[in-house]
2 protein chains.
Amino acid sequence: MGVFMGRPYFLWFNRRMDTSLLPFFQPKGVVIVGASTSPEKLGYGVARNLIQSGYKGAVHLVAQKSGEIFGKQIHTSLQDIPDPVELAILIVPTKATAGAIEDCGKRGIKAAVIVSAGFREVGEEGAKLEQQCVEVAKQHGVRLLGPNCIGTIDTHFPLDTTFLQPPMPSQGGIGFISHSGAFAAAIVDWAREEGFGFSRIVSLGNQADVNETDMLPMLAEDKATKVIVLYMESISNGKRFVQHASEAAKQKPVIALKVGRFEAGQKAAASHTGALAASDIAFDAAFEKAGVLRAETAEQMFDWAQALENCPLPKGNRIGIVTNAGGPGVIAADSLEREGLVLAQLSESTLTALSAILPPAASIHNPVDMLASASPKQYAQCLEILLQDESVDSAMVILPPPPMFKAEDVAKSVNEVIVKFDKPVVIALLGSTLVGNALSEFRNAKVPTYPFPERAASALAALVKRANGLQSLPTLQFESKVSKVGRLWTPDKLMREYGIPTALIKLARDENEAIAIANELGYPVVMKIASPDISHKSDVGGVMLNIHNEQTLQSGYAQMMKQVKSAMPKARIDGVHIQRQIPEGQEVIVGMVRDPQFGPLMMFGSGGVEVEGLKDVAFALGPLDQAEAESMMRKTWAGRKLKGFRSIPPVDENATRDVLVKLSILAAEHEEVDEIEINPLRVLTNGAAAVDVRIKFKGE
Amino acid sequence: MGVFMGRPYFLWFNRRMDTSLLPFFQPKGVVIVGASTSPEKLGYGVARNLIQSGYKGAVHLVAQKSGEIFGKQIHTSLQDIPDPVELAILIVPTKATAGAIEDCGKRGIKAAVIVSAGFREVGEEGAKLEQQCVEVAKQHGVRLLGPNCIGTIDTHFPLDTTFLQPPMPSQGGIGFISHSGAFAAAIVDWAREEGFGFSRIVSLGNQADVNETDMLPMLAEDKATKVIVLYMESISNGKRFVQHASEAAKQKPVIALKVGRFEAGQKAAASHTGALAASDIAFDAAFEKAGVLRAETAEQMFDWAQALENCPLPKGNRIGIVTNAGGPGVIAADSLEREGLVLAQLSESTLTALSAILPPAASIHNPVDMLASASPKQYAQCLEILLQDESVDSAMVILPPPPMFKAEDVAKSVNEVIVKFDKPVVIALLGSTLVGNALSEFRNAKVPTYPFPERAASALAALVKRANGLQSLPTLQFESKVSKVGRLWTPDKLMREYGIPTALIKLARDENEAIAIANELGYPVVMKIASPDISHKSDVGGVMLNIHNEQTLQSGYAQMMKQVKSAMPKARIDGVHIQRQIPEGQEVIVGMVRDPQFGPLMMFGSGGVEVEGLKDVAFALGPLDQAEAESMMRKTWAGRKLKGFRSIPPVDENATRDVLVKLSILAAEHEEVDEIEINPLRVLTNGAAAVDVRIKFKGE
């Protein structure tokens, strides 16, 4: 526990894996309950895969009828099976599943994969059966995977509890957690052609017990897993996910494909912040907070995973490109720019070295275009020269079918150079039949290849994001203290409690109220006529500045009423607005809406009445540290222009960031506040002041 | 010729193909000059491809040494060759090329492909040799393709003048124009695996004579070409390209991948419009004007092309999805949303029909999830029911490896349904080995397949864009009349000439000037103190409204000077600003910068001093018709909020659109105006007025 702004906080706590889940990947002994001798049955497929997987423990088969498959006897009772047995795979009728779990528990088997479907996903009756399973499992201390799932694979142990069509996926470093069994099955088949392998695969099914968050540490702690990919449709507990994912992301890259992005419509909201914070924005913020890379498409997720599995991390975002053709080089350069990467500026000695080995018509400037005649040796030499240059952080080699040489010879030469350096190199390998052997060469050497420069650039960008992400892990997490006073907090009091300066505008219905308010706010104050009928207040004498004391206020009040009534006799007058006088400045919005899954979601951006139309806002999950607040500000024009722009003078960025951080702490500590919004926050040359603060309390 | 706003205009004129280019695809007789008996030489490869292509005309071989290849005699002189010969392929040393062209010309051969390199691309000397070729060709009326190109292919005629590795690309409906030979070669190889074919392919090389724009009509007029794809690195003549591309796009879909997007930095510019109009924005605007679909990546270009080649166009953007698994269905739904498509709301009768054939646990609402047990028959039935629904414009069938059936059986059943309807259907075929036969089935039936739902959605979106594009072709094109008076035009005069109302702010240095200006502008006017030292003018008596005549102006002037001097004796006074008094309203920016390639590039958006930071602007190529102006306005928040937003009252959208159209006509007619910007244009409840107009004339 540490102290921050006088408040205690907890460091992200280290979540180690739950050893009760280990049998799902590395069990000592497995029993298949519901094994079958009919090849078209799942109970046959599971037995086939498990036995063919090379699993080294004992495989036991149980079914209602005895028999034999794969040279193994089928028993009719769990009791007939010798120790050790740590995992059961249940392929029994839906209604018999709870009973089977009970049998497992009694037999001392504490982990079960429920392959059978027909539970929650089919309606109420199924949901009841599923609930029975959960209760029985709890009673007997059995952990459940599924129901309605395809099980687990560990290619290194090895273990395959699925019924997927053989062969088993290749060994590799990608750990894959999937909410969809069909998606996992399709990816496993696709991976065969794409040439990448997996360490562990888990399909979660209905998640009656074990969910995606539980499985994260199982992959994070697994040595064979180099990168974790998550296909997610939902989340069980947002805050717990962020904790576990953050812990996992410290150890290895985590990539998520979260679908249902556009599903949830806008919620009714009390503030601009609430209206703008669609539920998917909270996922974006949560992934960012946890250091999880969010992929847009399935293809992108695995493109990234292959680079993250096999490449060292780069020191920066400067890329060197080697090509034998100009066109693909320009495509690559474009893609770098789109991905936020830059073309490395090559050093003088690099340029000299390149021109020594390339023909005069070649382009020695990045992208280095060696021309169509480029030999395997020239490819290797140029790449080596680029990687030696300190201004090159990563490289992309572009290899369309070389007109004069075999692509595989280029691949061999290039691979020899790549291993010499601790810098990432990816290949854009264009074509198909003419580069087929080259593809095999690269895959054997574990060098990531992509069919087009655009995808290679996206993979390089993922490496840079990962490298940057490791350097900027958020440090703080607050335990919230729910305030007992609850809704008794006023905006004033809350702002004061958290040290956020205000210049709130208050309505005084008469002279005495005006004096009382001014005394409370402190002089100097501004007084403005309050009337729904007057838009140009100063034209009718309805604005008074520089009121330094009570006397001036009193005389000013009388004078203003007189002037306004004479100028606009029919205007309705509600009184006057009193505000502490503050200089002009820039105005921004700072807000928070409490996401039901992830907690306080902070917003910063261009405020005013147009905030919802302009959408110049950024979101992040609270509580924020200074770096996170800074990053939000940089993402918006409102934040960037605080430095000044053209005739707009610079204002106090630090004070703005400070308010953002403080509001995020307020949100973390006051769970009874559902939404809070400062709009505008007036940012001055020195300091900032909240001009209007709106709060929605829980249940309002 | 028609009349618009009292001005003559020309309709897009119908560009027919230039018949002198026909021999590049369908020559009567071809001669290869520089044929070779050595298999590693290009002169051998070209002979091999041409002969093996099945070309039905006579193939003649010429070289310095006589000999024989492929059973054909090699002649040593062009003169030895019998008629007809319409095309020569030149693979001779760089320095001998001009001579070879001359020989062709004399022999009556009016088209030549120059395969040889070593010209402009290698430097000054090469550029001179290239220039020689062009001059000789002009002299003898020979059209040139290249140099430094890989030639042409027509798979239907058939003809193959390239030296690419056999086999020749498959027949298909994609016509492909490429600025990069290497890119074309790689795509041809990649297409073999992807299973799509080409009608015509042309690699342009150095474009000494024939360029991308010349080739557009050659594909537009070709019956076998169903869709045109362009890989572009540059453009020879922007306006001519827009004309030809627009003409081609009326006949068939045109897709462009324009690279070098981020190459050109910002130019120094006199206006906000100029500063924001990076050169690539002009390309975007040009493609939009011409009805060309711009692809972001190479993969996307061919994904779109396959759908556009093989599918009918949809009537709308409502998509029905059929799947056997929930996960990929959600991915698909997300992707639709991202692409601007919508999930079709199925009719009651559709829902009834679906529930009659699907198990109770299936989801009959779109996406229709038939569950993992879905049979080939169920796939076909569900697709048929969806396509019968009038609320479904297109469909996506998602097919991961079906656990209980063969994917190819599903493919067969689905294909039988697709042919019955005139609606586009695309397939997301997930996996590889398990769906390999299904892939063949779909390819044979010319049904576009994509490995993931995201790419299938992008292809459906391209179909919708194409359908919409055909409905909104721009109609006007102005011939510009360069004004002789040139820079003598003042902003006032120009605005008056084009009927754009103004309320310009003018500086009067003394009372007499103030009176003169007010008389010119017309009463009522507003007068404001002009001083660099006074920011809150009204606080010091420096603002006077409602000045209805000269007398009030005179007395007001004296009073204002007195008040200001007494309040701020040290302030520097430049005089007063006089402006015709107009009501408050919304303010926007309307601007034009003349693009060197494409001509007037119009801008519309949020104005003020922050325009460059906010970047709430849209661009389009002028001249604009009402629909184009409307579309620009809709793309920006500034345009959308003209309708009113929260407490902001609505203002005159029509007047705004009118100014945008008028400014675009001004720009078309005044070529001497390089940049013009109205910032702000004050938009009122009725009408709009230019408050400030800046003009940069050519050469300033």
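**Two-fold pairing of chains A and B and selected packing within chain A**

In the predicted model, chain B is superposed on chain A by a rotation of 180° with 0.0 Å of shift along the rotation axis, the RMSD being 0.1 Å. That is the relation of a two-fold axis. Within chain B, the C-alpha nearest this axis belongs to Ser538(B), at 3.8 Å from it.

The interface between the chains comprises 58 residues of chain B in contact with 58 residues of chain A. On the side of chain B that touches chain A, at least two residues are supplied by each of helix H4 (181-194), helix H9 (298-310), helix H10 (326-338), helix H19 (611-614) and helix H21 (637-640) of chain B. The largest share of that side, eight residues, comes from H4(B). When the side of chain B that touches chain A is divided by class, 29 residues are nonpolar, 14 are polar and 15 are charged. Of the interface residues of chain B, 100% are also interface residues in chain A, so the copies meet through the same surface.

Within chain A, helix H9 (residues 298-310) packs against helix H15 (residues 453-471), their axes coming within 9 Å and crossing at roughly 60°. The crossing in which H9(A) passes H15(A) is right-handed. From H9(A), the contact is made by Gln300(A), Asp303(A), Trp304(A), Ala307(A) and Leu308(A), and from H15(A) by Arg455(A), Ser458(A), Ala459(A), Ala462(A), Leu463(A) and Arg466(A). By class, this contact of H9(A) with H15(A) has six nonpolar, two polar and three charged residues.

Strand pairing was also examined in chain A, where strand E6 (residues 72-75) pairs with strand E4 (residues 59-62) in the parallel sense over two bridges, and with strand E5 (residues 67-69) in the antiparallel sense over three bridges. E5(A) and E6(A) form a hairpin with two residues between them, and Phe70(A), which lies in the turn, has a positive phi of about 50°.

Definitions and conventions. Residues numbered from 1 in each chain as written. Chains lettered and ligands numbered in written order. Predicted model: local features only at pLDDT ≥ 70, side-chain atom pairs only at ≥ 80, totals over all residues. Contact = placed C-beta atoms within 7 Å. Helix = DSSP H or I, 4+ residues; strand = E, 2+ residues; numbered from the N terminus. Nonpolar A, V, L, I, M, F, W, Y, C, P; charged D, E, K, R; others polar. Least-squares fit on C-alpha atoms with pLDDT ≥ 70 in both. Pairing = 2+ DSSP bridges. Axes fitted to C-alpha atoms, helices over the stretch in contact; angles between N-to-C directions. Left-handed = near helix turned anticlockwise from the far one by under 90°.
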